[in-house]
Amino acid sequence: MPKNKTSKKTKFTSKKFGEDFVWGVSVAAYQIEGAHEKHDKSPSIWDTFTSKPGVIHKNETGDTACDFYHSYKEDILLMKAMNISNFRFSLSWSRILPKGIGDVSARGIQFYNEVIDFCMEHNIIPWVTLYHWDLPQVLQDKGGWTNREIVSWFEYFTTVCATNFGDRVKHWMVLNEPMVFTGAGHFLGVHAPGLKGLKNFLPAIHHAVLCQAAGGIILRERVSGATIGTTFSCSYITPVNKKKKNILAAEKADALLNRLFIEPSLGLGYPVAAAPILKKLKKYIQPGDLEDAVFDFDFIGIQNYTREVVKHSYFIPYLSAKIVDAKNRNVQTTVMNWEVYPKSIYKMIKKFNAYEGVKKIIITENGAAFEDNVANGFVNDIERRKFFKQYLKQVYKAKEKGLKIDGYFVWTLMDNFEWAEGYKPRFGLIHVNFETQERIVKSSGKWFAKFLKP
Ligand code: FCB
């Protein structure tokens, strides 16, 4: 009857987003591969960090993780069965270059060649992130991101990857969330390499900004027909109330969490006016650096999970601003204690649209960790399904309003090693039993398969 007809027409599926809209899933090497000592691979900073007692939930490590190194075929086939046609994964630098620079591991290259070829045989497009946080430990021993030499190390790594994979890989992302690996890894000390304070944070920021552009330039030179992007974490920030001091605190947080890495790449410099602490970057900026930090990315990857509510605080050194914990705000949260706030993704698409130099925007990560239960071989993850529907509706709203939005990647294909939180938060469309490595497609995965059905 007519009524049914209408409801069929308005069904929310991927088709509504148009034919060119890119749909995919994202993963990262350390979180899934395992095989941490296989063949020539040397330790990365995450191998070192996770071996220290007390830094990771239950002292878990990524030594085995999802064992993707051995099960990549099975996992890519599951992806295929979910109608997912774009796969974003990262390369383990220390698997490819066990000494950080210099000798290339043929076995390391072979592994990624196999993954790339297997994807392509199954009509899945590989999207490669060069750096998703796992710096070779040998380079950390020389200061890692705090040493300006990282720019030449990173150029070397990028050149090796472009030369070996660029004939088939045409979609690249230079860095994954520089704010997180500099902030959590070099200021708060809760991620590898576990460093703290401004003396580590500031040089790491500036060197990451230089690498971001340097990587882009090399990919452009070496890979014909490449589409080059980089990714940024971002959250919609609101002040706890309208008091002037809280508004200023929120602006500061916004500058640090959302603007710090994109603005130099667009030639806008660092957002110093909103976050005066960044004036201290001067010490590390050499003549010509701000010009060298600019790169004309083909797309910007934005990664959004939640929003943050911010207030002024006299007790937080340097920043005088703090995040009001979601658990004290009486809102729905995930296992990460992140607020479920779908409008955040719309606000972020809008925010990044406002930059004149941004050509395309792709959501390169979005997803949620909830408690999952396996019952009779099924995982009925209703909350995750609901999360995706709510967030995707906001993405669709952006599209309808004519904002640039060109793709969406789910974080993540399968449950994996969630950094400092270990294996507790499960973000996957596929459930992984970490004892047996058995996979079960969750109901959210089945929902996605239908949503993406050609
Ligand atoms: C992002 C990371 C990704 C994963 C998700 C939950 O910040 O890029 O590796 O940990 O959060």
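A: Let us start with the term polar contact, which is a pair of N or O atoms within 3.5 Å; within protein, one must be able to donate a hydrogen and the other to accept it, and residues adjacent in sequence count only if both atoms are side-chain atoms. In this structure, an oxygen atom of the ligand is 2.9 Å from an N or O atom in the side chain of Asn176. This is a predicted model, in which local features need pLDDT of at least 70 and side-chain atom pairs count only at pLDDT 80 or more, while totals for chains, interfaces and linings use all residues. Residues are numbered from 1 along each chain as its sequence is written, and side-chain values use heavy atoms, with hydrogens and water left out.

Q: How far is an oxygen atom of the ligand from a polar side-chain atom of Glu418, and how far from an N or O atom in the side chain of Glu365?

A: For Glu418 the distance is 2.8 Å, and for Glu365 it is 3.0 Å. Taken alone, the ligand exposes 290 Å², of which the protein buries 95%; such accessible areas come from the Shrake-Rupley method with a 1.4 Å probe, and for residues only the protein chains shown count as cover.

Q: Which classes of residue make up the shell around the ligand?

A: The shell has five nonpolar, four polar and three charged residues, where Ala, Val, Leu, Ile, Met, Phe, Trp, Tyr, Cys and Pro count as nonpolar, Asp, Glu, Lys and Arg as charged, and the others, Gly among them, as polar.

Q: How should I read the strands, and in what order do the eight strands of the closed barrel run?

A: Strands of a sheet pair through backbone hydrogen bonds, either parallel or antiparallel. Helices (H or I, at least four residues) and strands (E, at least two) are DSSP runs, numbered from the N terminus, and two strands pair if DSSP finds at least two bridges between them. Here the closed barrel runs 1-2-3-4-5-7-10-13, with parallel pairing.

Q: What is the order of the strands in the open sheet?

A: Its three strands follow the order 6-8-9, and the pairing is mixed. The edge strands, each pairing on one side only, are strand 6 (236-239) and strand 9 (321-323). Strand 8 (residues 307-312) runs antiparallel to strand 9, joined to it by three bridges, and Val310 stands opposite Ile323 in strand 9.

Q: Where are the cis peptide bonds that involve Pro193 and Thr412, and what is the phi of Glu177?

A: Most residues other than glycine have a negative phi, and most peptide bonds are trans. In this model a cis bond joins Ala192 and Pro193, with omega about 5 degrees, and Pro193 lies in the loop between helix 9 and helix 10 (198-222). Another cis bond joins Trp411 and Thr412, with omega about 20 degrees, and Thr412 is placed in the loop between strand 13 and strand 14 (430-432). Glu177, in the loop between strand 4 and helix 9, has a positive phi near 40 degrees.
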